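Here are my notebook entries from a browse through this model.

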Amino acid sequence: CGTPVSEIFPHVAHCVDDMAVIRSMHADVPNHEPSLLLMNCGEARLIRPSVGSWLTYGLGTENQNLPAFVAMCPGGYPIQESQTWQSGFLPGIYQGTYVDTKHTNVDKLIENIRNNRVTTAQQRRQLDLLNQLNQKHLQARQQDAQLEARIQSFELAYRMQSEATDAFDISREPQHILDMYGPGTQARQILIARRLVERGVRYVQVWHGAGQPWDNHDDIEIRHRKLAKECDQAIGALLTDLKQRGLLDETLVIWGGEFGRTPTVELPKKGANAGKINGRDHNHHGFTMWLAGGGVRGGNIYGATDEFGFKAVEKPMHVHDLHATILHLT
């Protein structure tokens, strides 16, 4: 299609004909916390449901034995922590389920996934009794939403024992698939994402790591190249894999961050980048995201920034417009 792709994403480049690249994204402010909430929840300050929450609320789930919304982030929470997958004013059952993908063992990925003390039948009897007591407790408290969500989470946790172990265990994949995704944490969690989608999980969010790994105020050329190498092969593999399985047309893949970087270098400051002029600052005025699959017209570039790459000037697309697009496609 002729869409240019950076040399640091060679595997992604092979799939660019399936992508719609949005070059005119813009947000409200150049700060991580409000921009992350805006991108995830559509609101920078007030408590609002995240995209994954309102999607699962509207569309439901295709697998009652797994969470409908899974958020994976290796090494801990990102900035704003669980707020980025919150259910807001929706019932708590629609909140995302967090998984720390730095772990490779399924028992550590999902705590207490097995009960080594009682059988499944005994657990079922225990849960039935607990449910009877909880229902009486719920009725006496005017159908409290948080309590209702807690009751539902007990049921989901019980059902997950039968399927989560399989879904998160990538060792069950054939060797050629493991080789296609490559080594490392990013490859592992992106492959898990495909396995979850395959099993009917409605919304899967994959974070590159805790904190802000792409926030390179210095050494941007070195660090971006390293970060791209960690995820490029797996992203390309995911798009190829979904397409080969006939899943790409019904799976919407979205890639990006809460804002972009300035086209100009960062001025030297005190601290880690003192004396350096080789990083970039935050830029919410114009940045790029891409979408693939799920009804998106591939091989398409939408919008543009000015000649410096600083501000969206052609077909500007606010985060709210992106969310409206996601809603339309789903």
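**Entry 1: a loop residue**

I started at Leu 252, which lies in the loop between helix 9 and strand 5. For the record, helices (H or I, at least four residues) and strands (E, at least two) are DSSP runs, numbered from the N terminus. I am working on a predicted model, where local features need pLDDT of at least 70, side-chain atom pairs count only at pLDDT 80 or more, and totals for chains, interfaces and linings use all residues. Residues are numbered from 1 along each chain as its sequence is written, and side-chain values use heavy atoms, with hydrogens and water left out.

My cut-offs are under 20% relative accessible area for buried, over 50% for exposed and partly exposed in between (1.4 Å probe, protein chains only).

Leaving out residues up to four places away in sequence, I listed its contacts (heavy atoms within 4.5 Å): Leu 252 touches Leu 291, Ala 292, Gly 293, Gly 294, Val 296, Ile 326 and Leu 329.

**Entry 2: strand 8**

Next I looked at strand 8 (residues 287–292), where 5 of the 6 residues are buried, so this strand is largely enclosed by the rest of the structure. Two strands pair if DSSP finds at least two bridges between them. Strand 1 (residues 19–26) pairs with strand 8 in the antiparallel sense over 5 bridges, and I noted Phe 287 as the bridge partner of Met 25. Strand 5 (residues 253–255) also runs antiparallel to strand 8, joined by 3 bridges; here Trp 290 is the bridge partner of Trp 255.

**Entry 3: helices 8 and 9**

How do helix 8 and helix 9 pack? I read an angle of about 20 degrees between helix 8 (residues 185–198) and helix 9 (residues 220–244), with axes 8 Å apart. Axes are lines fitted to C-alpha atoms, for helices over the stretch in contact, and angles run from 0 to 180 degrees between N-to-C directions. The two helices are therefore roughly parallel (angles under 35 degrees). From helix 8, the residues meeting helix 9 include Ile 190 and Arg 194; on the helix 9 side I noted Ala 234 and Leu 238, among others.

**Entry 4: a histidine**

Last, I looked up His 323 in helix 10 (residues 319–329). His 323 counts as buried because its relative accessibility is 8%.

Technical notes. Parallel < 35°, antiparallel > 145°, perpendicular 65-115°, else oblique.
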